[in-house]
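Student: I have a model open and would like to go through its side chains with you. Could we take it one spot at a time?

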Amino acid sequence: SKINSVLSFPYQMVDPTLAEMGKNLNEAMKMLEDSQRKVEEENEKKYARKDIPGPLQGSFSIVACRLQNVGEQGHMALLGHSLAAYISVLDRERLRKLTTRILSDTTLWLCRLFRYENGSAYYHEDDREGLLKICRLVIHTRYEDYTVEGFNVLCTKQPVIYISSAARTGLGQALCNQLGLPLSCMCRVPCNTMFGSQHQMDVALLDRLIKDDIESGKLPLLLVANAGKCVNLATLALGYVSSSLLVCSTAATKCDSMTLTLGSWLGLPAVPAVTLYRHEDPSLSLAAGLTSSQPVEKLRALPLWLSLQYLGHDGIVERIKHASQLSQRLLENVKNLDFIKTSVEDELSSPVVVFKFFQKYLNRDQTPHVAQTAALQHPVISNEGHIYDAFNQWLGEQLAQLVPACGVDVVELEDEGTCVRFSPLMTSAGTEIQDVDQLVNCLKMKLPVLTSTLQLREEFEQEVRRTVGLLYVEDLSWPGLGVVRYNYHSDGKNDDNQEKELEKINAELLKKLNELESDLTFSLGPEFGGQKNCVYIGMVTEDLDVSELVETIAATGREIEENSRLLENMTEVVRKGIQEAQLQLQKANEERLLEEGLLRQIPVVGSVLNWFSPFQASPKGRTFNLTAGSLESTESTYVSKAQGTGTTPPPTPTSSLTKQRHPGQKIFKRSLRNSDAFSETSSVSHCDDLEKMDQRPPTLSPGQEQRPLETENKELPKEVPQATNKDTEDIQSGASPNYCANGEEQGSQR
């Protein structure tokens with residue numbers, strides 16, 4: 001119904017041919033809708049959901065959701081493609097008249113809308129294709145014999161194309177590849193760095209480059225420049241232009257060509273980009289591919305022709321104005337935030353805002369003494385450019401996830417590095433004022449996390465470097481506190497086994513850290529390009545206790561390594577114990593033979609002899625002490641009728657840093673009340689105070705019995721039962737006893 005109502009406008013503004021076509025299309029659309037409705041009803045009755053193959057299930061609902069988000073102006077653009085297919089089957093004469101009318105109307109509207117007088121238009125799918133055609137037009141114009149002699153003409157005077165350093169990455173190389181020119185024909189012009197905008201081309205340097213090329217016998221062809229931040233050309237449609245964009249707009253209206261991407265600006269799907277240009281020779285335009293004699297090629301403008309008429313002049317201006325107002329609102333809020341830097345100042349009418357997180361340590365106006373003091377308090381991080389790029393990459397991704405309606409993305413600028421870009425014109429006209437306010441609130445929420453993480457990175461590195469068993473891994477591309485690796489002591493192992501053991505310990509360490517109830521994020525790092533066998537720690541807050549975090553990582557790693565060594569050594573000890581038991585059993589059997597005599601070994605004689613003269617021999621068994629790892633005699637066991645007490649096992653290692661926490665306080669968190677006075681020297685006294693508090697008797701309520709104070713690690717270990725083996729049957733069979741990490745025996749093992 002939306003499409004049918006939208007199609008009513010051509011009756012008042014086009015010739016009878018289009019009016020008749022629109023009427024027929026209305027009837028055709030009604031027939032299609034009715035038939036489609038009937039088909040859907042029949043399919044629902046005939047086929048069940050389970051009859052649809054797995055990969056295709058849910059496709060209908062996805063398509064419906066996408067069509068709902070297109071909007072009415074999007075429906076007009078999509079309808080233009082259907083109309084183009086319908087018009088292409090008309091007879092040649094009617095097709096020529098209709099396409100000429102569509103092309104001329106669209107070109108006239110765009111030239112008037114963007115203040116480009118006496119211009120022609122080229123409609124193309126790839127936004128770089130228009131610039132490529134313009135380059136060919138200039139080559140045909142400057143080299144008169146190029147059509148006949150081809151590349152031989154270029155050898156006399158090498159062409160030079162000047163391109164701004166602020167242009168999109170790879171644009172110059174793509175032009176040279178398509179034109180068949182060497183990369184030496186491309187001259188990159190830097191932007192201003194000492195004065196003015198950092199994204200404006202250095203005109204003085206450009207003049208010198210052109211003069212040098214002319215003196216060396218080269219031929220300057222073309223200058224490719226950017227209008228601010230790419231979408232500033234859209235402000236040409238506004239009735240007013242700010243002083244900061246006046247130079248840009250003046251140059252744009254006087255240039256030889258400019259490319260407009262109306263589809264992304266106005267939220268129109270599948271509409272072509274437009275390159276407006278001026279040239280007086282139609283034959284050269286035809287040779288360069290800017291015009292075509294095929295009427296079907298001219299139908300590319302039909303989706304844009306319908307969309308422009310639907311929006312109208314006021315609708316287009318209102319959308320661009322709305323985007324500028326949103327950018328202005330964001331810019332006013334961002335400028336007042338600490339640690340946020342905008343790349344270009346005072347662009348009040350620009351529909352784009354580019355900003356980045358930046359923490360300035362030193363002030364240029366400070367005296368040397370003050371600067372030195374500030375440097376001691378806040379040391380400048382080495383390679384801070386790469387760190388800021390990683391932090392801004394994370395910030396852009398977080399804002400895009402939290403506020404998807406704003407459509408923020410991450411861009412790379414030559415001078416500024418990684419930045420966050422807000423361009424409401426590129427979000428299909430779906431951003432509103434409340435979305436901008438939500439974006440500002442999310443940015444304010446992320447700034448304390450960014451500043452805290454950046455300040456604690458240096459402290460974390462120092463703590464790790466002076467902790468035995470830990471290795472600090474420098475990864476400048478990681479947006480977080482840092483990267484740490486637990487070092488495994490090889491003890492003479494080869495490299496392959498050492499690498500496997502290192503991977504095993506750090507993987508178990510990561511698992512243990514994630515099981516802790518903390519607000520930190522521990523991971524293996526990025527999927528590509530990260531370090532192996534490392535623990536990556538994400539963003540943190542200001543109340544993080546770095547020393548406790550590092551101590552916990554080191555203690556957990558040592559515990560995992562000791563358990564691993566215990567299991568490793570136990571296997572070897574059991575194997576050696578079995579061998580020793582076999583030797584002792586063999587020796588005991590020989591002694592028994594000598595003691596009993598040879599006659600007692602004969603089956604019949606031995607039985608009679610034993611009946612008349614029984615032989616009294618004490619049983620000599622062996623017990624394997626898991627704690628001591630040695631074989632012992634069982635004579636004392638048979639005498640006392642009870643197992644003896646073995647060696648007391650060592651206590652389980654625990655972390656020396658045990659902190660008392662307030663109710664609800666999570667691990668690795670400092671108390672904010674004492675956060676200013678917290679330091680490494682005070683942490684020792686803090687542990688002493690905790691020990692005193694543990695020794696202090698608790699206050700008893702009336703009627704409550706006093707119980708002995710139980711503290712951690714003061715409970716005596718239980719007795720370790722010895723595994724007795726009568727006649728050493730189990731040892732000879734090779735069965736290994738079950739045991740716990742603390743040396744306690746599980747079940748009754750003999």
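**A buried arginine and its surroundings**

Tutor: Arg 485 is buried, with a relative accessible area of 17%, where buried means under 20% relative accessible area, exposed over 50% and partly exposed in between, using a 1.4 Å probe and protein chains only. Before going further, note that this is a predicted model, in which local features need pLDDT of at least 70 and side-chain atom pairs count only at pLDDT 80 or more, while totals for chains, interfaces and linings use all residues. Residues are numbered from 1 along each chain as its sequence is written, and side-chain values use heavy atoms, with hydrogens and water left out.

Student: Where is Arg 485 placed?

Tutor: Arg 485 is in strand S12, residues 482-486; helices (H or I, at least four residues) and strands (E, at least two) are DSSP runs, numbered from the N terminus.

Student: And which residues is Arg 485 in contact with, leaving aside neighbours within four places in sequence?

Tutor: With contact meaning heavy atoms within 4.5 Å, Arg 485 is in contact with Gly 469, Leu 470, Leu 471, Val 473, Leu 502, Asn 506, Gln 531, Lys 532, Asn 533 and Cys 534, once those neighbours are set aside.

Student: Which backbone oxygen does the side chain of Arg 485 reach at 3.2 Å?

Tutor: That is the backbone oxygen of Asn 533, and the backbone oxygen of Lys 532 lies 2.9 Å from a polar atom of the Arg 485 side chain. A polar contact here is a pair of N or O atoms within 3.5 Å; within protein, one must be able to donate a hydrogen and the other to accept it, and residues adjacent in sequence count only if both atoms are side-chain atoms.

Student: Switching to aromatics, how many aromatic pairs does a search of the whole structure find?

Tutor: The search finds six aromatic pairs, with rings of Phe, Tyr and Trp (its six-membered ring) pairing if their centres lie within 6.5 Å, and with planes under 30 degrees apart counted as stacked, over 60 as edge-to-face and the rest as tilted. One of them joins Phe 114 and Trp 265, a tilted pair at 6.1 Å centre to centre with 55° between the planes.

Student: Why does that pair tie together parts that are 151 residues apart in sequence?

Tutor: Phe 114 lies in the loop between helix H5 (92-113) and strand S1 (120-124), whereas Trp 265 belongs to helix H12 (residues 262-266), so the pair links parts 151 residues apart in sequence. Both Phe 114 and Trp 265 are buried.

Student: What about Phe 358 and Tyr 388, how are those rings arranged?

Tutor: Phe 358 and Tyr 388 also form a tilted aromatic pair, at 5.2 Å centre to centre and with 40° between the planes. Phe 358 sits in the loop between strand S8 (353-357) and helix H16 (368-377), and Tyr 388 in helix H17 (residues 384-402), so this pair ties together parts that are 30 residues apart in sequence.

Student: Phe 358, then: what is its relative accessible area?

Tutor: Phe 358 is partly exposed at 27%, whereas Tyr 388 is buried at 4%.

Student: Which charged end sits over the ring of Phe 358?

Tutor: It is the charged end of Lys 341, 5.5 Å from the ring centre; a charge sits over a ring if NZ of Lys or CZ of Arg is within 6 Å of the ring centre and within 35 degrees of the ring normal. Elsewhere, the charged end of Arg 278 sits over the ring of Tyr 116, 3.8 Å from its centre.

Student: And Gln 359, buried or exposed?

Tutor: Gln 359 is buried, with a relative accessible area of 6%, and is found in the loop between S8 and H16. Not counting residues up to four places away in sequence, Gln 359 touches Phe 339, Tyr 388, Thr 451, Leu 454 and Gln 455.

Student: New topic: how many disulfides does the structure hold?

Tutor: The structure holds zero disulfides, a disulfide being a pair of cysteine sulfur atoms within 2.5 Å. For Cys 185, the closest cysteine sulfur is in Cys 176 at 6.2 Å, too far for a bond, and Cys 185 is buried at 3% relative accessible area.

Student: Last one, what is phi of Phe 668 near?

Tutor: Phi of Phe 668 is near 70°, a positive value in a residue other than glycine. Most residues other than glycine have a negative phi. Phe 668 is found in the loop between helix H22 (635-640) and helix H23 (680-695), and counts as buried at 0% relative accessibility.
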